[in-house]
Amino acid sequence: MVSAMVGRGTALGAALLALLAVPAQAGTAAAADLPTPDDAGLQAVLHTALSQGAPGAMVRVDDNGTVHRLSEGVADRATGRAITTTDRFRVGSVTKSFSAVVLLQLVDEGKLDLDASVNTYLPGLLPDDRITVRQVMSHRSGLYDYTNDMFAQTVPGFESVRNKVFSYQDLIALSLKHGVTNAPGAAYSYSNTNFVVAGMLIEKLTGQSVATEYQDRIFTPLNLTDTFYVHPDTAIPGTHANGYLTPDEAGGALVDSTEQTVSWAQSAGAIISSTQDLDTFFSALMSGRLMSAAQLAQMQQWTTVNSTQGYGLGLRRRDLSCGISVYGHTGTVQGYYTYAFASKDGKRSVTALANTSNNANVLNTMARTLESAFCGKSTTAKLRSATSSATAVEVHEDIAPGIARD
């Protein structure tokens with residue numbers, strides 16, 4: 001099934017077929033200066049994702065009062081129910097941005113120093129007193145990512161942890177079985193271990209669970225009624241998109257991975273949300289509603305990931321082909337790929353979801369929703385003539401970044 005609905009707008013004309021290499025420097029245009037989102041291009045991206053193996057895909061654009069909603073395919077392969085932009089889903093590593101917001105609020109409250117040793121707050125936790133809170137939040141701690149071992153084999157790895165409940169300390173211990181990957185602060189190296197540490201810091205400094213802190217500090221103030229942290233429960237509340245995990249073996253049957261504890265991720269990846277709620281969250285974040293201007297500036301101190309991406313404190317910056325930079329996070333959890341980003345001023349926000357994972361083609365394709373959403377029809381028209389050799393390849397970092405799979 002294909003659906004497209006736009007508030008105060010109509011579908012545009014060109015399809016997004018390729019992604020040009022982005023310029024070395026990108027701008028920070030306000031939403032009012034951005035081209036109109038290209039709905040036909042967005043729909044083409046969703047259609048391509050389905051042709052590559054995603055059961056369903058959807059995207060919502062909130063553009064300073066105008067809402068674009070597009071979806072294609074199914075939320076549930078067993079029943080054939082169509083996926084819609086109101087379906088809830090697992091957001092994976094987008095959770096890291098929520099965890100970072102809580103920590104930066106604690107900085108505003110004088111309870112946390114970004115440049116203090118993690119061991120100041122969690123004595124003896126980490127093997128090096130030089131590892132700071134800032135390094136953990138920017139993936140420069142050198143802590144090994146335990147998911148490299150956990151998910152070296154995709155489906156067997158998932159099934160071994162689907163119903164398992166870990167403590168934070170269990171996950172830290174899995175990481176510390178390995179040596180650190182670099183000296184503290186020496187290099188960017190994405191690791192889920194860092195945001196397990198973030199969860200431990202939140203709970204130590206507040207005396208509350210991360211679930212309570214997310215709810216009290218973010219979910220309730222922003223009225224995020226589709227957003228939950230249910231760990232260690234396994235079900236997604238309410239109407240939701242089922243997730244489907246692609247096996248490593250070519251042609252293998254998709255595995256319904258919807259129900260799981262996500263205990264292997266917790267504060268690094270266990271939040272459930274919707275396209276509307278994620279748009280609301282990143283709009284609020286970038287417009288300065290969730291922390292002081294000083295801490296938002298700290299959040300945007302970028303470490304280079306590659307020529308088109310930077311990583312701040314639990315926040316990604318992506319530089320698009322039209323010279324615009326967008327801010328948010330990607331998310332991969334078994335059965336779900338998420339892209340959630342906003343403009344610099346927060347007035348345009350976009351969330352896109354495909355209900356599959358371990359499928360590099362779908363991952364690369366869904367990244368193109370950002371081009372159509374922020375760069376508009378004129379850029380889409382240029383991209384149509386681009387050769388496949390100019391197509392940017394998405395680098396997967398959210399689960400087992402050391403495993404060259406997707």
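Here are legends for several close-up views of this predicted model.

Local features are described where pLDDT is at least 70, side-chain atom pairs count only at pLDDT 80 or more, and totals for chains, interfaces and linings use all residues. Residues are numbered from 1 along each chain as its sequence is written, and side-chain values use heavy atoms, with hydrogens and water left out.

**View 1. A disulfide joins Cys322 to Cys375.**
Let us start with the sulfur atoms. The structure holds one disulfide, a term for a pair of cysteine sulfur atoms within 2.5 Å. Here the S to S distance is 2.0 Å. Distant parts of the chain are linked by this pair, as the two cysteines are 53 residues apart. Cys322 sits in the loop between β10 (316–319) and β11 (325–333), while Cys375 belongs to helix α13 (residues 369–384). Helices (H or I, at least four residues) and strands (E, at least two) are DSSP runs, numbered from the N terminus. The torsion about the S-S bond is about -65 degrees, so the disulfide is left-handed. Are the two cysteines buried or exposed? Cys375 is buried, with a relative accessible area of 1%, and Cys322 is partly exposed at 30%. Buried means under 20% relative accessible area, exposed over 50%, and partly exposed in between (1.4 Å probe, protein chains only).

**View 2. Strands β2 and β3 form a hairpin.**
Strand β2 (residues 56–63) runs antiparallel to β3, and eight bridges join them. Two strands count as paired if DSSP finds at least two bridges between them. Gly56 stands opposite Gly73 in β3. Two residues lie between the strands, and Asn64 in the turn has a positive phi of about 55 degrees. Strand β3 (residues 66–73) has seven of its eight residues buried, so it is largely enclosed by the rest of the structure.

**View 3. Three strands make an open sheet in the order β6-β5-β14.**
The pairing in this sheet is mixed. At its edges are β6 (255–256) and β14 (356–357), each of which pairs on one side only. Strand β5 (residues 244–245) pairs with β6 in the antiparallel sense over two bridges. Look for Leu245, which stands opposite Val255 in β6.

**View 4. Strand β12 pairs with β11 and with β13.**
β11 and β12 pair in the antiparallel sense over seven bridges, with Gly331 opposite Thr338 in β12. Their hairpin has two residues between the strands, and Gly335 takes a positive phi near 95 degrees. Six bridges join β12 to strand β13 (residues 348–354), again antiparallel. That hairpin has five residues between the strands, and here Gly346 takes a positive phi near 80 degrees.
In a regular strand the side chains alternate between the two faces of the sheet. In β12, Tyr336, Thr338, Ala340 and Ala342 are buried on one side, and Tyr337, Tyr339 and Phe341 are buried on the other. Seven of the seven residues of β12 are buried, so this strand is largely enclosed by the rest of the structure.

**View 5. Phe341 is found in strand β12 (residues 336–342).**
Phe341 counts as buried, at 1% relative accessibility. Which residue is the bridge partner of Phe341 in β13? The partner is Val350. Tyr327 is 14 residues apart from Phe341 along the chain, and their C-alpha atoms are separated by 5.0 Å. Contact means heavy atoms within 4.5 Å. Not counting residues up to four places away in sequence, Phe341 touches several residues, including Arg316, Tyr327, Arg348, Leu370 and Phe374.
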